[in-house]
2 protein chains.
Amino acid sequence: MLRTHTCGELRKKDVNKDIVLSGWVQRIRDKGGLIWIDLRDRYGITQLLLEEGHSPASLIKKARSLGREFVVKITGKVIKRIAKNPKLSTGEIEIDLTGIEILNSSKIPPFTIEDNTDGGEELRMKYRYLDLRRNPLKNSLLLRHKLSLETRKYLDGKGFVEVETPYLIKSTPEGARDFVVPSRMNQGEFYALPQSPQTFKQLLMVAGYDRYYQLVKCFRDEDLRADRQPEFTQIDCEMSFVDQEDILNTFEGMIKYLFKEIKFIDLPELARMSFDEAMQLYGTDKPDLRFGMEFKELNEVAKGKGFRVFDAAGLVVGINVKGCAGYTRKQLDKLTDFVKRPQVGAKGLVYVKYNDDGSFKSSVDKFFDQQALKSWAEFFDAQPGDLMLVLSGETNIVRKQLSELRLEMGERLKLRNPDNYKALWVVDFPLLEWDNETHRYHAMHHPFTAPKPEDVDRLENQPGSVKANAYDLVINGVEIGGGSIRIHNRDLQKRMFATLGFTEEEAQKQFGFLMNAFEYGAPPHGGIALGFDRLAAMFAGKDSIRDFIAFPKNNAGRDLMIDSPSTISNEQLDELGLKVLKKTEK
Amino acid sequence: MLRTHTCGELRKKDVNKDIVLSGWVQRIRDKGGLIWIDLRDRYGITQLLLEEGHSPASLIKKARSLGREFVVKITGKVIKRIAKNPKLSTGEIEIDLTGIEILNSSKIPPFTIEDNTDGGEELRMKYRYLDLRRNPLKNSLLLRHKLSLETRKYLDGKGFVEVETPYLIKSTPEGARDFVVPSRMNQGEFYALPQSPQTFKQLLMVAGYDRYYQLVKCFRDEDLRADRQPEFTQIDCEMSFVDQEDILNTFEGMIKYLFKEIKFIDLPELARMSFDEAMQLYGTDKPDLRFGMEFKELNEVAKGKGFRVFDAAGLVVGINVKGCAGYTRKQLDKLTDFVKRPQVGAKGLVYVKYNDDGSFKSSVDKFFDQQALKSWAEFFDAQPGDLMLVLSGETNIVRKQLSELRLEMGERLKLRNPDNYKALWVVDFPLLEWDNETHRYHAMHHPFTAPKPEDVDRLENQPGSVKANAYDLVINGVEIGGGSIRIHNRDLQKRMFATLGFTEEEAQKQFGFLMNAFEYGAPPHGGIALGFDRLAAMFAGKDSIRDFIAFPKNNAGRDLMIDSPSTISNEQLDELGLKVLKKTEK
């Protein structure tokens with residue numbers, strides 16, 4: 001080893017020891033008579049000291065030749081530090097240097113390797129190996145590592161077996177777009193990279209493995225929105241001989257265990273909320289419960305009073321914002337601008353101030369007198385000083401818009417503290433959702449989700465009314481995972497594919513292997529998948545997953561560091577029997 | 001839960017308990033008055049009992065309607081078993097059945113779900129989910145799971161961090177053939193699936209992560225020999241500020257730990273052997289040390305005696321097989337046939353029997369008298385009763401041939417006991433090997449391996465003589481893993497690429513990111529990668545890795561179960577800007 005200790009290891013008890021350290025030069029402070037060098041490695045920083053008159057002149061000269069990020073191996077003696085640094089774990093000691101060996105030099109990095117760097121996003125992506133040296137990224141990856149270890153520890157303790165499923169599988173047009181892999185040995189044919197190991201984990205249940213898990217990469221070739229990655233990691237799990245309750249309990253246990261082990265937080269029992277209730281109260285299936293502002297539906301008191309906008313709306317719905325009656329005209333205009341942004345898409349915003357003197361001031365005073373507005377306030381359970389914000393429109397659309405406004409208000413009022421964790425299960429999802437574009441039903445989770453037994457009869461005639469034993473784990477307004485009880489009966493699976501518009505041939509070609517498997521003793525089973533990148537970010541109180549992935553891609557799906565994707569040789573294309581079309585050929 | 005206990009859980013202490021079990025019907029024995037059902041799940045088998053006159057008639061009727069592999073949930077009471085079955089962990093009890101619920105029926109499986117099945121390879125691949133129900137496969141996957149847990153436990157304890165590296169990377173023509181992934185967002189460009197995370201783990205060292213590991217899938221698009229898979233799993237590791245000795249010690253520790261934890265075997269200190277010595281003594285860089293039969297080189301005593309075959313050979317070399325002087329003509333002919341097989345490729349085999357009476361009988365008596373053969377025997381340290389087997393030819397070729405013969409003799413004499421483990425390090429590999437086809441040097445391990453410092457000067461002028469700090473872990477004649485100290489200096493890496501025949505542009509295009517990284521303070525580093533599938537098979541004493549992979553592909557790279565690869569739609573091809581060429585178009 002090129003060291004006796006790491007740079008995060010030495011303490012007062014080590015004083016007088018002769019040591020060898022290796023690491024990177026973080027900083028040099030040259031005060032003439034005294035030179036301090038901060039030496040850094042993964043484990044910490046140790047201060048090295050040189051003193052004119054005490055240290056050899058040649059060593060001082062060598063020290064002065066060092067630059068930031070040089071890699072050195074040093075020898076020296078541990079001494080007590082006069083000015084202790086309580087921020088450093090090694091802050092009680094420093095090293096009286098006796099030797100420096102330069103293991104590698106460094107050009108000046110294109111950005112500073114500090115907690116707050118001066119490097120822009122693109123530059124840091126290109127030099128990811130330097131960005132990864134910074135504490136925030138290092139801590140993110142170490143947290144991720146700990147999270148994976150603890151996840152495995154929990155699941156192993158519960159009798160789950162990690163089984164690796166294949167990456168070269170089969171393309172199915174259902175769901176998102178697949179990445180495909182041309183086969184050289186079977187020309188004209190392609191593998192696909194898995195969007196999830198869904199069918200394989202179900203086959204493992206058919207095979208009797210009882211409890212499966214895997215921390216596994218999944219792939220989706222989607223146009224990348226901010227903070228989506230073409231490859232991402234899932235905690236993928238499946239259990240046999242269980243009902244929904246068993247799965248919720250098992251993974252509620254896991255989440256609590258992880259919060260306890262990693263954040264030292266005792267998470268209380270998770271709330272459960274039906275999909276319908278979540279939509280009605282928060283306008284979303286992933287409500288942020290760190291704050292209230294539940295929706296109140298106002299049709300009863302707001303419609304039929306001559307205000308055409310309301311009268312034409314399917315739903316008039318609002319939130320009550322505590323203590324914001326004092327909002328200025330400018331502030332209210334900004335909120336109106338917010339809801340009118342194309343991402344939100346409302347036509348306008350109605351407000352009602354409940355003044356401290358008990359009077360009301362609203363943007364619809366023309367249509368609603370003080371008495372009418374008082375009845376709104378009662379609906380909202382509002383108090384003097386509160387601000388009621390109301391939107392109207394088609395039910396599903398207006399709920400979504402108001403959800404955005406609610407989150408925005410939560411943000412403005414600092415009610416969304418990342419260190420406050422509110423987790424819940426959203427349950428009783430619809431099995432299907434209608435797609436206006438393709439004019440057919442899509443599976444809300446995926447085509448393997450079982451309808452609730454009491455709803456099965458309606459699968460063909462009222463498919464939209466069928467609920468599923470499907471559930472999402474939501475923390476602080478983010479969907480961390482989701483799952484369901486699966487179909488384990490061939491006939492039901494066939495009916496499901498038919499409802500989704502598959503012909504029998506299509507269903508057989510794509511999923512015949514699974515339906516065949518169901519004929520050989522498939523047990524009742526169900527499972528869940530959690531987004532691991534997202535979970536890691538959540539545990540660090542961060543919104544973006546990018547810092548929790550060692551080598552992420554940008555929004556164009558490019559790895560700027562290795563400059564990929566890239567062209568391949570004609571020999572490679574020939575071997576694959578493929579031709580790349582020029583844009584004009586298409 | 002659809003059970004109170006698993007099928008492997010109930011013991012004598014549970015007698016009189018009312019229980020619920022779920023599982024598969026393994027076997028029904030109907031003796032008229034008594035019916036026994038073996039109920040199976042992942043955890044074991046529990047015997048269920050029905051008795052005419054005691055059990056309800058309707059229940060007996062239902063039991064008689066069950067078939068093999070039906071999935072049932074049963075209720076009953078635990079009772080003491082009269083005829084105990086010591087082979088079963090539940091063999092002291094059975095269940096007095098009170099209820100049967102059929103959860104799913106099963107068609108008759110296409111092969112028997114028994115330890116020794118009647119199903120052929122192809123059938124079992126197609127119905128992999130049924131094959132996986134059999135104990136041998138289940139135990140293989142459970143062993144693999146345990147191995148991964150213990151591997152992580154060891155490495156975590158040594159301060160290694162698991163970091164996930166990307167699967168969508170960049171194609172490089174060096175090494176084996178890449179699987180490529182067309183990019184839709186960057187048309188005409190491709191990602192490649194990693195053959196190993198080599199460059200990424202080195203970048204993690206540049207980034208200061210100090211100790212990295214990952215259990216990771218790797219991909220190689222090679223024509224599949226028996227027991228090769230296009231996707232396979234590696235234990236991939238890298239360390240900074242180390243020399244070769246540190247790496248060998250760390251991973252010798254890991255192997256010993258795994259043998260201890262999983263096999264309860266105390267592995268002795270690993271032997272170390274140089275590549276040159278391994279080639280000289282065993283004709284291979286992965287010697288099986290479970291038995292001796294070291295090579296003896298006979299040029300000195302065998303050449304120049306008028307036997308043209310020997311005189312024309314670069315090397316005359318043989319092994320001494322203890323106690324086999326009694327081999328018949330027929331047995332010797334079979335050995336000759338063996339070495340003449342195209343896979344071995346020798347022209348013939350020379351034998352010398354050292355008879356019990358001290359005389360010699362050889363296939364070259366014409367050229368070598370008793371005195372000459374006695375001098376051979378002295379070379380071989382042979383005793384009366386031994387059989388000397390000698391091959392001759394071009395040095396490297398004949399060594400390879402004799403290695404095959406040595407292994408064959410070890411096999412015949414049952415010296416290759418799978419429960420006997422002999423592990424060693426093969427070290428001091430050549431940096432490069434000459435390729436007669438392409439007329440250039442190839443990297444023996446990969447182009448990132450560092451030459452030994454004392455050999456660096458010869459890189460350009462005598463590249464073939466340069467040794468590397470590269471090492472392989474070999475157990476029982478199988479290469480389980482290999483690694484090296486890496487280049488961490490940009491200039492040396494450039495020289496290495498030049499030696500391998502890269503133009504500067506090619507090197508820059510493919511590996512510029514790595515060489516750039518080396519300019520920003522790259523630490524000395526090195527690592528190793530172990531074949532995880534192979535390791536698991538080794539721990540089970542098995543030769544084939546296929547049973548240690550849940551869903552393997554066949555030799556044509558096909559998954560027979562899901563029928564993949566398969567054609568994709570024209571829409572998919574259009575979106576990717578690709579055209580599949582008909583065979584005639586090429």
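## Sheet in chain A

Strand β11 of chain A runs parallel to strand β17 (residues 423-427) of chain A, and four bridges link the pair. Two strands count as paired if DSSP finds at least two bridges between them. Strands (E, at least two residues) and helices (H or I, at least four) are DSSP runs, numbered from the N terminus. Within this pairing, A:Ala271 lies opposite A:Leu424 of β17(A).

Both strands belong to an open sheet of eight strands in chain A. The order is β6-β9-β10-β22-β21-β20-β17-β11, with mixed pairing.

## Model and conventions

This is a predicted model: local features need pLDDT of at least 70, side-chain atom pairs count only at pLDDT 80 or more, and totals for chains, interfaces and linings use all residues. Residues are numbered from 1 along each chain as its sequence is written, chains are lettered from A and ligands numbered from 1 in the order in which they are written, and side-chain values use heavy atoms, with hydrogens and water left out.

## Domains of chain A

Chain A splits into domain 1 (12-104), domain 2 (139-273 + 424-548) and domain 3 (291-416). These bounds come from an automatic or database domain assignment. The centres of domain 1 and domain 3 of chain A, taken over C-alpha atoms, are 62 Å apart.

## Interface of chains A and B

Contact (heavy atoms within 4.5 Å) joins 127 residues of chain A to 127 residues of chain B. The two chains bury about 11300 Å² between them, 58% of it on carbon and sulfur atoms. Buried area is the accessible area (1.4 Å probe) that two parts lose on being put together, summed over both. Of the area that chain A buries against chain B, A:Glu164, A:Phe241 and A:Tyr520 supply 8%, more than any other three residues.

The interface holds 16 salt bridges, each a side-chain nitrogen of Lys or Arg within 4 Å of a carboxyl oxygen of Asp or Glu. One of them joins the side chains of A:Glu189 and B:Arg558 (2.8 Å, N to O). Helix α4 (residues 135-157) of chain A gives the most to the side of chain A that touches chain B: nine residues.

## Strand pairing across the chains

Strand β23 (residues 578-580) of chain A pairs with strand β23 (residues 578-580) of chain B. The sense is antiparallel, over three bridges. Here A:Leu578 faces B:Val580 of β23(B).
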